[in-house]
Amino acid sequence: MALVTVGPSGRDYTSLFAAEAGEQQDLTALAETMAFEMDAMADPADGAKFDGWTVSTTYYVILRGASGVQADLPYGDSGYRLTGSATCLNLIGLQFTRVQDLCLITSDSGGARKALLGGGGEIFDRCVFVASHTSYSGNLVEPQNHASQDTVFRNCVSVIVGTSGQGFVHQGGSGTARFYNCTAIGGANGFDRDFGAAQIINCLADGQSGTGFTSTWETGSGFNASWDATAPGDDSRQSQTFTFVDGSGGDYRLASGDAGARTFGSDLSGISVGPFSDDFDAIARGATWDIGADQFVAAGGASPLLAVLQAHGAFIGSAH
Amino acid sequence: MAELLVVAVSATHADPATDRRGCYKRGDVVVVMEDGHAWGRKEGAPKFRVVQVPGVPAARLRYLTESEEGIDEFTGRETTLTRRAVALDLDALPTRTLAESDVTTAERTKTDGTIDDGTRTR
């Protein structure tokens, strides 16, 4: 695998824009996957658009936060932030991309821009998408599936500061969008399927001014949770109250006292498309899954001693 | 007070439509930074050329990074036609350091249809 580094100093490139321009090529001819690894910085480029590459399901691009500076909650200045008044990241022309541990923040005040435009075949892990302007009214995360390939979101979080706009919105295409263990906070609607097929499992919607979930969803959807009566599918939990570590401060990890989402998820480690077993913090979820991006106690990741100490209240605050 | 990162070697794609729409070409301005920007290890020769434009705020030259938008002839939808609406004629630039008027002249040359390296038509 080829590795390209992006950072404010001492790296290959100082913006993702420049990295894409400098490395644009036919990865299938090279028989190579290329990883772009981003350091902690606010990328000075106003929106990054990938196009003109040749990729495949075997040889593709990975965009990821460097170790120690991955996307976090509350979102802020600690990791790599791809920000912009334009669409932060446009992957319409680059299918099969893996996006991991990135924070995309759009500061746009209208409805035309997004944090992410997807083209199909991508897998997004542990990303945070933010609309930071109170008047934002667009679709924050918008996969379109032009590649006739499934797009998978796992353990991702959308945060809309205002009361308009929509978090995760599938805009059609011949592939299926699959939302697994994602959390949508704020805006008018949390999850929406405008066109095409979309499956949604273990997803959590809270704080919307309109509805948590809208439209109808693919067979197999379920185990979702919402503050209102819209969580779709079997075994979903509607009209729930969620308790976060620091909801007002932007940390939407589940608190120990949460009774709305904890332990009510479905184990997706064996699901046919895009199986996984970790959470937003890349900690193993263990045998009993929570709904949403965060797993309160990662039974497989926490040591027995840690679990005992947590059970006895030995720590103050989050167990993460 | 601006520095431009300019593509020195055109990228290519086997599909003509993707090549025209998606590939950076020689003379395309990738990013505009303020004077004194600490460029990365690969932000230079052979793929790029850094062009300095002293005395001009970076914000005034950001238009050089805008894509050419238009209607796709097949779908009828608005889309990106080329990565950059304008490009610099690198071969015509006499020195590494430019005045703002040099940039404007180069832009006009391109929008008039001049082809900088024989690979690009607009």
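In chain A of this predicted model, strand β14 (residues 151–154) runs parallel to β16(A), and 4 bridges join the two. Strands here are DSSP runs of E at least two residues long, and helices are runs of H or I with at least four, numbered from the N terminus; two strands count as paired if DSSP finds at least two bridges between them. Within this pairing, A:Val152 sits opposite A:Arg178 of β16(A). A:Arg178 also stands opposite A:Gln199 in β18(A). Strand β18 (residues 189–201) of chain A is again parallel to β16(A), with 10 bridges joining them. Strand β13 (residues 139–143) of chain A pairs with β16(A) too, in the parallel sense over 2 bridges, and there A:Asn139 faces A:Gln166. Strand β16 itself (residues 166–180) is mostly covered, with 12 of its 15 residues buried. Buried means 20 or more other C-beta atoms within 10 Å of a residue's own, exposed means 12 or fewer, and partly exposed is in between, with C-beta atoms placed from the backbone.

A quick note on bookkeeping: residues are numbered from 1 along each chain as its sequence is written, while chains are lettered from A and ligands numbered from 1 in the order in which they are written. As for confidence, local features need pLDDT of at least 70 and side-chain atom pairs count only at pLDDT 80 or more, whereas totals for chains, interfaces and linings use all residues.

Over in chain B, 3 strands make an open antiparallel sheet in the order β2-β1-β3. Its edge strands, β2 (29–34) and β3 (48–53) of chain B, each pair on one side only. From one strand to the next, the twist averages 20°. Helix α1 (residues 16–23) of chain A packs on this sheet, touching β1, β2 and β3 of chain B, and its direction makes about 145° with that of β2(B). Axes are lines fitted to C-alpha atoms, for helices over the stretch in contact, and angles between N-to-C directions run from 0 to 180 degrees; contact means C-beta atoms, placed from the backbone, within 7 Å. Across the whole interface, 18 residues of chain A contact 21 residues of chain B.

Back in chain A, A:Ala66 lies in the loop between β5 (61–65) and β6 (80–84). A:Ala66 counts as partly exposed because it has 17 C-beta neighbours inside 10 Å. Leaving out residues up to four places away in sequence, A:Ala66 touches A:Glu37, A:Met38 and A:Asp39.

Key: Two residues are in contact if their C-beta atoms, placed from the backbone, lie within 7 Å.
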